[in-house]
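Me: I am new to this structure and would be grateful for a guided set of questions and answers about it.

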Amino acid sequence: MPEVRAVLAAAARRLDSRVDAEALLLHVLEKSSSWLWAHAEEPLDAAAETAFAALVARRAAGEPVAYLTGRRGFWTLDLEVTPATLIPRPETELLVELALERVAADAAVALADLGTGSGAVALALASERPRAKVLASDASATALAVAARNAARLGLANVSLVEGDWFVPLAGRRFALIASNPPYIEAADPHLACGDLRFEPPAALASGADGLAAIRVLCAGAPAHLEAGGWLLLEHGRDQGARVRDLLRAAGFEAVFTAPDLEARERVSGGRLAA
């Protein structure tokens, strides 16, 4: 039987990524990264080698690692993800950071995450603000089922899940803060046919000819569902900041801003409803 390190090295060359190869092998072995380094010279049994080879082949064909392992880390959480949900990305953690800056640690307020997918943003907020009540909505019942499993596994009882498109299921409720990572890619963007995006749900990625259809709905509808002085925070594309700020101001928001991500790209814009 081949050694673990030899099998891993061959997979890393095929994928041109040791990170991906390690993630897949650790998933098959159900081991931690520390185990991998301590046992690199051990033989890999035939069943594990076969299972690993199958995953490597699927990754080489383009399937995202997160879908192959069924897991993705976000914030401090380990989340289940499936092809029904967008894969949580590090840049979306900025949305969580900005929301937490606007909600006191002991605040017993109502928060909302619209288009929650796997529940990443809602669950991160619920974990950091245990006295808050977080509503997470999504138009996809399949995605909501994933979010519900994540909430249950993480023991976050201060999250409620509702099915429906954007503000439809909110039924006149108002919140201290609404956050959303909506679809914001232009429908004809060629990147949708590349890389991991090929496998993610199209409705969670693209939004109209200019990518702003969902953001227009969110900006226009949020005032009716925010408390006085409440915040709307939206993730968007790197070249959309100015247009999103215009939409926020047109909807009556004040203190409108855009924050850059760690790569200095405009990533999240927001505004506060007048008190």
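Me: At what angle do α1 and helix α4 (residues 46–60) pack, and how are they classed?

Reply: In this predicted model, local features need pLDDT of at least 70 and side-chain atom pairs count only at pLDDT 80 or more, while totals for chains, interfaces and linings use all residues. Residues are numbered from 1 along each chain as its sequence is written, and side-chain values use heavy atoms, leaving out hydrogens and water. The axes of α1 and α4 are 10 Å apart, at an angle of about 10 degrees (axes are lines fitted to C-alpha atoms, for helices over the stretch in contact, and angles run from 0 to 180 degrees between N-to-C directions; helices are DSSP runs of H or I, at least four residues, and strands of E, at least two, numbered from the N terminus). Angles under 35 degrees count as roughly parallel, over 145 as roughly antiparallel, 65 to 115 as roughly perpendicular and the rest as oblique, so α1 and α4 are roughly parallel.

Me: Which residues of α4 make the contact with α1?

Reply: Contact means heavy atoms within 4.5 Å. From α1 come Val7, Ala11, Arg14 and Leu15. Their partners in α4 are Glu49, Phe52, Val56, Ala57, Arg59 and Ala60.

Me: How are α1 and α2 oriented to each other?

Reply: Helix α1 (residues 4–15) and helix α2 (residues 18–29) have axes 8 Å apart. Their packing angle is about 130 degrees. The two helices are therefore oblique.

Me: Which residues touch the most other members of the largest nonpolar core?

Reply: A nonpolar core is a set of buried Ala, Val, Leu, Ile, Met, Phe, Trp, Tyr and Cys residues joined through side-chain atoms within 4.5 Å; buried means under 20% relative accessible area, exposed over 50%, partly exposed in between (1.4 Å probe, protein chains only). The largest such core has 32 residues, and its largest share, seven residues, comes from α7. The members touching the most others are Leu177 and Leu233.

Me: Is Cysteine 194 buried, partly exposed or exposed?

Reply: Cysteine 194 lies in the loop between β6 and α9 (213–221). Its C-alpha is 8.8 Å from that of glycine 62, although the two are 132 residues apart in sequence. Because its relative accessible area is 42%, Cysteine 194 is partly exposed.

Me: Against which elements do the buried residues of α9 pack?

Reply: The buried residues of α9 are Ala214, Ile215, Leu218, Cys219 and Gly221. They pack against β3 (110–114), β6, β7, α10 (241–250) and β8.
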